[in-house]
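User: I would like to learn how to read helices, strands and cores from a set of coordinates. Can we work through one case together?

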Amino acid sequence: MTVAPLGPDSNDFHRTRDIFLRALELEPGQREAFIVEACGSDSALLARVRKLLDAHVRGERFLEHPTHVSDPASARPSYLAPGQMIGQYRIERILGEGGMGVVYLAYDEGLQRFVAIKAVSPAYTHDSSRRERLRREARAAAAVKHPGVAVVLELRDHEADFFIVSEFVDGETLREEIQRGAATLVRLIETATGIASALAAAHDLGIVHRDLKPENVMRTPDGRIKILDFGLARIGVSGSDGGSLTVEGSVLGTPAYMAPEQIRRESVDGRADLFALGIVLHEMATGVHPFRARDQASTIARILETEAPPLSASSAGQSDGVGSTAMRAALDAIIRRCLRKRPADRFASAHELLAELERARDGRGASGAFAAGSPGPQRWWRVHHLATCIAYGGLMVPMWLAHKALDDPGERLGLVLFLATLGAAVASIVLRLHLWFTASSIPGQWVRQYRHATPWLRLSDSVAVLGFLVAGAALIVGNTQEGLAAVLLCAGVVAGLSFAVIEPATTRAAFDQDG
Amino acid sequence: MSEREIGALIEEAYAELHRLADGYLRREQHKSVQATELINEAYLRMAKGPDQHFQNRAHFVAIAAISMRRLLVERARARAAAKRGGIQVQVTLDDALLRGGNESEVIDLIALDRALNDLARQDAEQARIVELRYFGGLSVEETAEAMHLSAATVKRHWQFAKAWLLVALEGQRPAGG
């Protein structure tokens with residue numbers, strides 16, 4: 001697609017627009033190449049289109065919301081400009097905006113690192129009692145020392161300014177993760193454990209988060225969980241401030257993660273955070289909020305009255321394979337217990353939840369992974385493995401004979417095949433015996449061990465099957481030992497079928513009826 | 001409708017919006033009011049009046065958007081002239097924008113107005129789309145209907161106009177101009 005370059009005539013505007021709009025129809029990655037070609041040698045045109053495309057990407061929301069007519073005395077925060085200094089911190093850009101104010105990314109010139117600065121809106125700080133409570137909460141949050149809680153570094157509290165400086169957490173929020181799709185069971189349990197362990201540390205100090213939601217939980221690039229905004233998010237709404245939920249709640253964000261007692265404005269403790277965690281986990285497992293309704297009022301009503309739907313209808317954990325039924329049942333029970341309406345019916349503490357999560361992770365959940373299977377198929381599973389081990393041992397004899405028949409002096413194919421098959425068979429036998437042993441002696445570890453062993457088992461089995469088939473084929477090509485060739489080819493086919501069809505079916509039947 | 005009649009309608013809508021905006025801001029302190037809300041209320045009042053100048057709501061909004069723009073820009077100018085005193089009017093970037101972009105300062109309405117005039121000199125239709133969407137609060141579909149264009153065309157031109165205005169507002173030399 002070649003476009004003749006244009007001179008600086010009145011048509012320039014429309015030419016620019018034309019190229020810009022055509023570039024927009026392409027995938028972002030293809031735009032640069034397109035505009036370079038479309039603009040030809042007109043570098044001024046190219047620069048303009050580039051600048052516009054850049055503005056298009058940056059200004060996605062620019063002008064998107066119709067204008068307001070407002071009174072400047074309103075509680076609307078005034079924004080800090082990039083480059084502005086707050087003490088030793090240089091403002092870089094806005095990270096986000098919540099009910100209490102704006103959060104900025106800033107660079108700490110002194111310690112040469114990035115920090116997050118929450119500039120609390122004057123609406124929350126001009127009242128001295130509120131300001132005092134904010135201070136107390138910030139101090140309390142700073143006392144929580146746990147790798148799963150973003151560290152509060154500094155409180156800058158001077159006249160109109162009220163800045164809370166905290167550790168900058170890079171990564172992705174759980175909200176972004178949920179939008180990408182449902183999590184696997186193992187991922188869910190890991191995440192739940194990370195959050196529960198951070199909550200436990202805070203609850204031990206008497207600090208309740210009060211606004212746990214997917215937006216407030218980050219996963220760092222190395223996979224760790226960090227909870228943001230401890231003890232701060234709902235400072236404006238607790239009962240003593242009066243005011244109705246609909247007014248203040250709408251200012252401070254959605255009430256969709258509030259526990260029933262929070263909605264009723266009764267006294268709140270750590271168990272309210274466990275309720276919120278239950279919602280987050282349910283949402284991660286299914287992609288859907290358990291109390292989702294067409295509007296906020298209906299959501300609140302459902303939180304107060306309706307039981308959460310069970311996980312079983314969801315697709316969670318389908319890719320986890322063996323053991324997922326028991327694990328899912330355990331996790332389902334955990335989530336449902338978090339989501340009980342009465343705090344007394346939930347886990348008594350985050351510690352108790354943690355212990356239950358550990359049981360679920362080790363397959364010792366409410367039912368226990370191995371024991372959950374039915375005894376008949378489990379016997380067959382054992383027979384299958386035993387038979388496989390014996391067959392491997394027996395087949396080494398024809399493989400040895402094949403090596404003798406194939407290898408003339410100077411020829412090494414038979415030996416290579418024999419050694420490869422022998423190695424694979426030994427590995428496979430060891431792994432199978434290991435699984436057998438685990439299933440009999442430490443069933444709690446079985447799911448984890450199975451997951452670790454499976455790829456290696458598949459690899460060694462594939463190598464052995466390939467060894468049988470190649471040796472058989474080589475014998476036929478060499479026109480010797482047709483009987484031996486037939487044995488090896490049959491062994492290869494039977495073993496291949498067994499590993500591809502029989503073994504997965506037996507394992508599923510023994511441990512995981514649903515697959 | 002003749003140009004004079006349209007001019008009279010713009011004046012009428014302007015006066016009504018002015019009155020309403022003042023009333024709103026005086027009654028409910030610490031609050032801002034959506035331009036769309038003002039326009040809707042103005043329409044309801046004027047539609048009740050004895051002489052019906054407006055064929056329908058879309059027709060009214062198409063005209064009221066011009067009045068709204070003028071009203072806001074005049075207030076911004078007055079505010080710039082006298083920093084203190086009286087009720088001031090401020091137009092800010094929507095919070096949502098700030099979450100994504102790095103435009104942390106308040107939109108300079110006077111600059112936006114100037115940039116819109118520049119844009120109109122290049123392509124009046126594009127400037128009009130911005131006027132209807134931003135000052136009139138019309139959706140893409142409503143804008144398409146009011147301008148007798150397809151929604152797809154409005155959407156494409158809206159995207160270009162936004163990028164063009166953002167470049168212009170950032171003090172860079174606007175494209176093609």
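Predicted model: local features only at pLDDT ≥ 70, side-chain atom pairs only at ≥ 80, totals over all residues.

User: What is the order of the strands in the open sheet, and which are the edge strands?

Analyst: The order is β8-β9-β10 in chain A, with antiparallel pairing. The edge strands are β8 (172–173) and β10 (225–227) of chain A, each of which pairs on one side only. Between β8(A) and strand β9 (residues 217–219) of chain A there are two bridges. One residue pair to look at is A:T173, whose bridge partner in β9(A) is A:M218.

User: Back to the helix. Why do the end C-alpha atoms of α7(A) lie 28 Å apart?

Analyst: Helix α7 (residues 185–204) of chain A has 20 residues, and at 1.5 Å a residue these should span 28 Å, so the distance between the end C-alpha atoms agrees with the expected value. Just after α7(A), A:G206 has a positive phi of about 80°.

User: How should I read the pattern of burial along a helix, and which residues of α7(A) are buried?

Analyst: The general idea is that an α-helix has 3.6 residues a turn, so residues three or four places apart point the same way. In α7(A) the buried residues include A:L185, A:L188, A:I189, A:A192, A:I195, A:A196 and A:L199.

User: Which residues does A:L331 touch, leaving out those up to four places away in sequence?

Analyst: A:L331 touches A:L185, A:L188 and A:I189, and also A:L311 and A:A360. A:L331 is itself among the residues with the most contacts inside the largest nonpolar core, along with A:I117 and A:L277; that core has 84 residues. Helix α10 (residues 270–286) of chain A gives the most to this core, ten residues. Another core, of 58 residues, lies apart from it and includes B:A76, B:L132, B:L166 and B:A168.

User: How do I read a hairpin, and how many residues lie between β6(A) and β7(A)?

Analyst: For the strands themselves, the general idea is that side chains in a regular strand alternate between the two faces of the sheet. Here, strand β6 (residues 152–158) and strand β7 (residues 161–167) of chain A pair in the antiparallel sense over six bridges. A:E154 has A:V165 as its bridge partner in β7(A). The hairpin has two residues between its strands, and A:E159 in the turn takes a positive phi of about 45°.

User: What does the secondary structure of chain A come to?

Analyst: Chain A has 18 helices and ten strands. Of its 515 residues, 41% are buried.

Note on methods. Residues numbered from 1 in each chain as written. Chains lettered and ligands numbered in written order. Core = buried A, V, L, I, M, F, W, Y, C linked by C-beta atoms within 7 Å. Buried ≥ 20, exposed ≤ 12 C-beta atoms within 10 Å, placed from the backbone. Helix = DSSP H or I, 4+ residues; strand = E, 2+ residues; numbered from the N terminus. Contact = placed C-beta atoms within 7 Å. Pairing = 2+ DSSP bridges. Expected span 1.5 Å × (residues − 1).
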